[in-house]
Amino acid sequence: MKRLIYSTLLIFLMASSCTERIDLTLDETYTRLVVDGGISNDTASYQVSLTKTADYFYNEPAPRVVDATVRLSDGINSYALHETDPSVSGIYETDSTFSGIIGETYTLDIDLSEPIDGETNYSASCRMMKVARLDSIQLVLQPDWGTDGVWEIRVFAQEPGDEVNYYMFHYFRNDTLMTDSIWKVAVSDDKYINGNYINGLAAVYINNANFWETVHPGDKVTLRMSGITREYYDFINQVKISGINIPFFTGPPANVQGNVNNGGIGFFAAYSNSWASAIVK
Amino acid sequence: MKFFFLTFFPLLYLLSSSPVMADEDLPKKWTISGTIRDASNGEDLTGATVFVTELKSGTVSDFYGNYSMTLPEGHYTIQYSFVGFRTIQKKVFLDNNTVIHIELSPAAETLNEVEVMSDQANKNVARPEMSTFKMDIKTIKSIPSLMGEVDIIKAIQLLPGVQSVSEGGSGFSVRGGAPDQNLILLDESTVYNASHLMGFFSVFNNDAIKDVKLYKGDIPPIYGGRLSSVLDVRMKEGNSKRFEVTGGIGIIASRLTVEGPIWKDRISFIVSGRRTYADLFLALSSEEALRDNKLYFYDLNAKVNYRIDENNHLFVSGYFGRDVFKNDFAKMSWGNSTGTIRWNHLFSKKLFANFTFVYSDYRYMLGTPEGTTTSFEWNSNLRDLGLKGDFSYYINTNNTLRFGISGTYHMISPGVAGGTGSESSYTEVKVPDNYSLETGIYAGNEQKVGEHWTFKYGLRFSLFQNIGPGTVYNFDSLYNPIDSTVYPSGQFYNTYYGIEPRIGILYTFNEKSSVKVSYSRTNQYLQLAQNSTAGTPLDIWFPASPNVKPQVADQGAVGYFRNFRRNTIETSVEVYYKHMNHVIDFKDFAQLLLNDKLEGEIREGKGWSYGAEFLVRLSEKKFGGWVSYTLSKSMRQIPEINNGDPYPAPYDKPNNIAIVANYQFLPRWSVSANWVYATGNPVTFPTGRAEIGGKVIPIYSDRNAYRYQDYHRLDLSVTFSSKVNEKKRFKWDINLSIYNVYDRHNTWSINFVQDEEDPNVTYAEKIYLFGIVPSVTFNFHF
């Protein structure tokens, strides 16, 4: 729904405005810890990335936080995460046998070797929500949309009516993850579909003009639908819109609201997955 | 209520009765009254001056051209005058109640006779109103236009104390107030969204407008419901003497007005229409996606005016406008409709009354094309039904009493959204409708004491009630909704009231200079859920309620007014201070659309603004214009925003300059220019960055701690007119306007983006709306 409004107004705007790159001098602010990672109920090895904030025009990869002690707990068991890859620092991984349990609340606990912003201990908690079962998906091309058409990944599933649900969508092309950065990820609430049978609503739109992410007949496309918390849903929306200021519909800029305490930024997420695949005709 | 009657009636008695004396000793008093009209088309003249030379005082005609003066028996020379018209002088021996109707003729273009300049051309000095500006349509038409359409809202942004909120938009801020704090009236009906096409054009068609007056402060007791200003726009009644057609053909839009008598001098009508064809330009766009889009607006103004007899005048007027936008996968439309029926009745030579019934409607629709399971439609509307009674009682030359009562019933449907079609996957989501009643009772007197002093004092009592059916959510201290209370139909479940004094004092040193002081308190019960810098048509008005207190403002102003050179040069300086309580702002990442718990997104606090406004206005026969400079500050302080620290309001622009000039250098050629300058808008910029999921996100500073670059722009226009020949009825002119002559790319917004090649690199990107925009319009009149 929101996407509808934004894209409508954006199209009108494109017709009338112009952009140019400018030089800007900005002030600096104190350094903060940034946490980025998540776990799900599938068995796999999960990563949490720890970095630091920098000046806005730093223009280098984010400075990594190394030698931290990172643990994951569900209240009973505790799992350690390790920097396993020697070539990449600041990424902490679980064992490859880890899987989360739906309904549990997971807390990520971080002890830093050096304090950031006066703190050495940070933590973030997230509850793993359940997700409806995906019956099937369908790939449909809309040839008149955009410059070369737009592929829709349409969903068929029964939406549970007795609770408020939030969804996140990722897709794979021939088993390779295509939604590899956060702005390609689609999210949705269930305001308009609560309790309904979802009969082919499009969850993901793929711009056919982008050759690196588009699909072709014969490809196997897999959709991963995840059940996420309200906080993670808000977080993803806020991240996607951050930095963008369109006077008609964005409000005053504000800092994204994550779930890391002590002034840390970012989100540690827990979610459960439902999968379905289809071959593009 | 009791308060009103206890003070009003004794006041009336005191002011109108004479002290006890023998009848023969007292000079008898008689009333001169009548109507002042334009001789060329029969239009009532508002604010025409009636000046009694022997007494050095007089009165002005009201909105319907009526005037009344009560004077002692005797000989008088009365001057009737109005700007742009030839003054008429009448010698009268007053020994009875006399009715004198006057028709003033427009001053001819080439004037060979000496024009009698009435002393009352110094109205800005001699009238006790301050902080007001009467815009005359001729001035508005002479201002260079954007895309061929000149409008009132753009013109008032050239006045001191009035700031634009966002380029191109028609939201404006008066003395540091928010854009929803301006009461915009069209023939007494509230206009909720005064803009077409996102604000590039306003809903007012100049050819149908007679009168525009802006009150920036010192708001008279007859107006209520908004904190910062009143823009009172009155439509023409229609030429009651002969048919008249006015129109224009421009690049973006064309307009046509037809007016004339249905019954000569008794019934007249005026119909005005306008439509754009901007979508034709989209068809030429290089973006294929845009070519099939529809983007247009149209509006229609209509009015019928019936002079039943000398004491009764009936007006029926309406406005209907729509904006439509459609492309392959979305459609959107919105618009206002207003209708008013007014009965102007003269109870006696001294007591005039006006009764008005008002209907106002604003609605919008957004949706996807029908016929699929994913079709979707969202509708929202706001309707007002109002009744008003306003009275003017011209007690004697020194006292004019105005009082009245009004009530408006607001019906707001904030949003209903859902799928269309039987196979839809979407359920309907509805934000509950809300109903409220806004009432006002006022009384005020304008009293002249001696030769130098005039006192204006009045009181407005306002009442606001929420009426069921309604649902009110209860929130905890963290603004989480706990539960809700549902009220049945017809139940008055919440009441707010306000006591709003309006006071003004004028001291005239002489005919050329004066000083004025004013104080007013205003309450506002309806506000706009608008979080963006420029408004959108999707913004929704919401009422005060158990969770939302009414906004209240106190404003004081002092001004010095001085005219030079037979009133052809007017100068003024005004200093004001305004304090607002319960101003609203929204929490970070507020969800305003289709949110039934909208009240949980609101944060309230206080605001204050102060400034000094300087104006020098020149009006010679061939050359005119003004220079305005405003120095001001507008701040907000709201507990949960910016850590509770004060921050600049989004329209705080310390320096604002406008220079407007027009010059008729040859009988058929005139040129006009305006140059505007304003400090850049306050903005929140990043001071750091974090990397999340492959995206670089900004870490922001304190709210509004930075500014965009300063805004300035020059517009020019040249007009070539048909030969000035009184006998020829068909007159035309061609106007060439150039907006933003030196092509300054004024910042509209700045985005922070990641480089596509190297995602680690971020840069700032400025969006600007207009480069240099020329336009040509052909106007005609017969």
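Tutor: Gladly! Keep in mind that this is a predicted model. Let us begin with a pair in chain B: B:Glu237 has 4% relative accessibility, and buried means under 20%, so B:Glu237 counts as buried.

Student: Which residue forms a salt bridge with B:Glu237?

Tutor: Side chains of opposite charge can pair when their charged atoms come close. Here the closest N and O atoms are 3.6 Å apart, and the partner is B:Lys303.

Student: How many residues apart in sequence are the parts that this pair ties together?

Tutor: B:Lys303 lies in strand S21 (residues 294–309) of chain B. B:Glu237 sits in the loop between strand S17 (229–235) and strand S18 (244–250) of chain B, so the parts tied together are 66 residues apart.

Student: Is B:Lys303 buried or exposed?

Tutor: The relative accessibility of B:Lys303 is 2%. The cut-off for buried is under 20%, so B:Lys303 counts as buried.

Student: Which network includes B:Lys303 and B:Glu237, and what links its residues?

Tutor: The network also includes B:Asp187, B:Glu188, B:Lys210, B:Asp232, B:Arg234, B:Arg342 and B:Lys388. Together with B:Glu237 and B:Lys303, these residues are linked by salt bridges.

Student: What is the distance between the closest N and O atoms of B:Arg521 and B:Asp554?

Tutor: B:Arg521 lies in strand S33 (residues 513–524) and B:Asp554 in strand S36 (residues 551–564) of chain B, so the pair ties together parts that are 33 residues apart in sequence. B:Arg521 counts as partly exposed, at 28% relative accessibility. The closest N and O atoms of this salt bridge are 2.9 Å apart.

Student: How many salt bridges does a search of the whole structure find?

Tutor: One of them joins B:Asp596 and B:Lys597, at 3.6 Å from N to O. Over all chains, the search finds 43.

Student: Which residue of chain A is in the patch of negative charge with B:Glu756?

Tutor: B:Glu756 is in the loop between strand S49 (749–754) and strand S50 (762–768) of chain B. At a relative accessible area of 78%, B:Glu756 is exposed. B:Glu757 and B:Asp758 also gather in this surface patch, along with A:Glu60.

Student: Where in chain A is confidence lowest?

Tutor: The mean pLDDT of chain A is 88, and 93% of its residues reach 70 or more. Confidence is highest in strand S15 (residues 220–228) of chain A, at 95. Where pLDDT is low, the predicted coordinates should not be read in detail. The lowest mean, 53, belongs to helix H1 (residues 2–16) of chain A.

Definitions and conventions. Residues are numbered from 1 along each chain as its sequence is written. Chains are lettered from A and ligands numbered from 1 in the order in which they are written. This is a predicted model: local features need pLDDT of at least 70, side-chain atom pairs count only at pLDDT 80 or more; totals for chains, interfaces and linings use all residues. Side-chain values use heavy atoms; hydrogens and water are left out. A salt bridge is a side-chain nitrogen of Lys or Arg within 4 Å of a carboxyl oxygen of Asp or Glu. Helices (H or I, at least four residues) and strands (E, at least two) are DSSP runs, numbered from the N terminus. Buried means under 20% relative accessible area, exposed over 50%, partly exposed in between (1.4 Å probe, protein chains only). Patches are made of residues with over 30% relative accessible area and no salt bridge: like charges are joined within 9 Å, nonpolar side chains (Val, Leu, Ile, Met, Phe, Trp, Tyr) within 5 Å. Accessible areas come from the Shrake-Rupley method with a 1.4 Å probe; for residues, only the protein chains shown count as cover. Lys and Arg count as positive and Asp and Glu as negative; His and the chain ends are not counted. The place of a charge is taken as NZ of Lys, CZ of Arg, CG of Asp or CD of Glu. pLDDT is the predictor's confidence in each residue, from 0 to 100.
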